[in-house]
Amino acid sequence: MPAYHESVMKNEVLHYLNVHMEGVIVDGTLGDGGHTEFILKNTAPEIRVFAIDRDRSAIERARERLSPFQDRVTLAHGNLGDLKSLADQNGISRVTGLLMDLGVSSPQLDTPGRGFSIQHDGPLDMRMDSSQKTSAADLLEKLSDAELVAIIKNFGEERYAKRVVRAIRKEQAERPITTTGQLSRIVAKAVISPRHTRIHPATRTFQALRIAVNDELEQLKFALQDAIGLLSSTARMAVISFHSLEDRIVKTFFRDEQKGCSCPPKIPMCVCGRKQTLKILTRKPIVPSEEEVERNPRSVSAKLRVAERIYV
Ligand SMILES: C[S@@+](CC[C@H](N)C(=O)[O-])C[C@H]1O[C@@H](n2cnc3c(N)ncnc32)[C@H](O)[C@@H]1O
């Protein structure tokens, strides 16, 4: 069994969630259950956690880890983008805190059969939810050149997206692309990497495909919107993101919800009727300490943003 995922900024998350004596906290991205376990260990017995993951194997691993707290946790398989209906199905209408620790977990990354890793050869899969139909290999087969270029450019911020797609098509003319090793070799040859970089040249393409396969950015937007309806007054929402596309979505959402009214400044009176719903608590994102990054290099790009629900 792979080692447990190392949870990022656990103390900071607990501090900012500012958990009270009772209520339900949502862990929208359970993973190995490290954050949930830390919350349960450090809060009153009346605090419960409702935890979601779209990966059934993550839920099973976490279930075992969290067994000492089984009376205080409810685990649900599902997509964070369906937050409201998952909460409804479990009889939850209001929560006192919510955490989203986005992206993939270490066991997902380090299990070659899941097909997320550039380092380990495996099937080109990348589905967080293995019951979902479309894998990364399917996307490479199905999408048009223009669609693939757009994904690699927009979700991977890869400036050589066209070259990558040309190289993919050249390979596909000979044989289908079915493994992570095959794709990483093709991409590595197609892109020009800056010298002295330690980042693998296929990193951006892999990120792009993973985001597309799992529809990560759209699901995040749905989840943020649903969260507004679930948080009780002064409840907090903490989001940890690992790349700029996610962070930008969270930052913009928090700003818009803090601002409320979206009428053009020239209009003398508000006609949109939108009210402020959030107060931002982290003007700049919180990042892991140097000591944490040294202990857990995967935390290096983590950014934590927190906002508090207000009702005006
Ligand atoms: C970074 S890990 C979370 C690690 C966890 N906080 C811990 O301490 O062990 C992210 C997890 O969220 C899940 N995930 C990512 N996006 C999701 C989504 N839209 N819906 C449900 N689960 C999601 C992944 O399957 C993965 O298990």
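Biologist: How do you know which residues belong to domain 1 and which to domain 2?

Modeller: This is a predicted model, and the bounds come from a domain assignment of the chain. Domain 1 takes in 10-107 + 216-309, while domain 2 covers 112-214. The C-alpha centres of domain 1 and domain 2 lie 29 Å apart.

Biologist: What makes residues of domain 1 and domain 2 count as being in contact, and how many are there?

Modeller: A contact requires C-beta atoms within 7 Å. Seven residues of domain 1 are in contact with seven residues of domain 2. On the side of domain 1 that touches domain 2, three residues are nonpolar, one is polar and three are charged.

Biologist: Why is Gly28 called buried?

Modeller: The cut-off for a buried residue is 20 or more other C-beta atoms within 10 Å. Gly28 has 26 C-beta neighbours inside 10 Å, so Gly28 counts as buried. You will find Gly28 in the loop between β1 and α2. Setting aside neighbours within four places in sequence, Gly28 is in contact with Ile52, Leu80, Leu83, Leu98, Leu99, Met100 and Ala223.

Biologist: What makes strand β1 largely enclosed?

Modeller: Strand β1 spans residues 23-27, and four of its five residues are buried, so the rest of the structure largely encloses β1. β1 also pairs with β2 in the parallel sense, over five bridges. Within that pairing, Ile25 has Val49 of β2 as its bridge partner.

Biologist: Which residues have the most contacts inside the largest nonpolar core?

Modeller: They are Val95, Leu98, Ala227, Met237 and Ala238, in a core of 48 residues. Strand β5 (residues 231-241) gives the most to this core, with six residues. Not counting residues up to four places away in sequence, Ala227 touches Leu83, Leu98 and Met237. A second, separate core has 28 residues, including Leu124, Ala137, Tyr160 and Leu183. As a general background, nonpolar side chains in soluble globular proteins tend to be buried together.

Biologist: Is Glu157 buried or partly exposed?

Modeller: Glu157 has 14 other C-beta atoms within 10 Å. A buried residue needs 20 or more and an exposed one has 12 or fewer, so Glu157 is partly exposed. Glu157 lies in the loop between α7 (145-156) and α8, and has a positive phi of about 50 degrees although it is not a glycine.

Biologist: And why is Arg166 called partly exposed?

Modeller: Arg166 has 14 other C-beta atoms within 10 Å, which falls between 12 and 20, so Arg166 is partly exposed. Arg166 is in helix α8 (residues 161-174). Arg166 and Asp145 are 21 residues apart in sequence, and their C-alpha atoms are 8.3 Å apart in space.

Notes:
Residues numbered from 1 in each chain as written. Predicted model: local features only at pLDDT ≥ 70, side-chain atom pairs only at ≥ 80, totals over all residues. Contact = placed C-beta atoms within 7 Å. Nonpolar A, V, L, I, M, F, W, Y, C, P; charged D, E, K, R; others polar. Core = buried A, V, L, I, M, F, W, Y, C linked by C-beta atoms within 7 Å. Helix = DSSP H or I, 4+ residues; strand = E, 2+ residues; numbered from the N terminus. Pairing = 2+ DSSP bridges.
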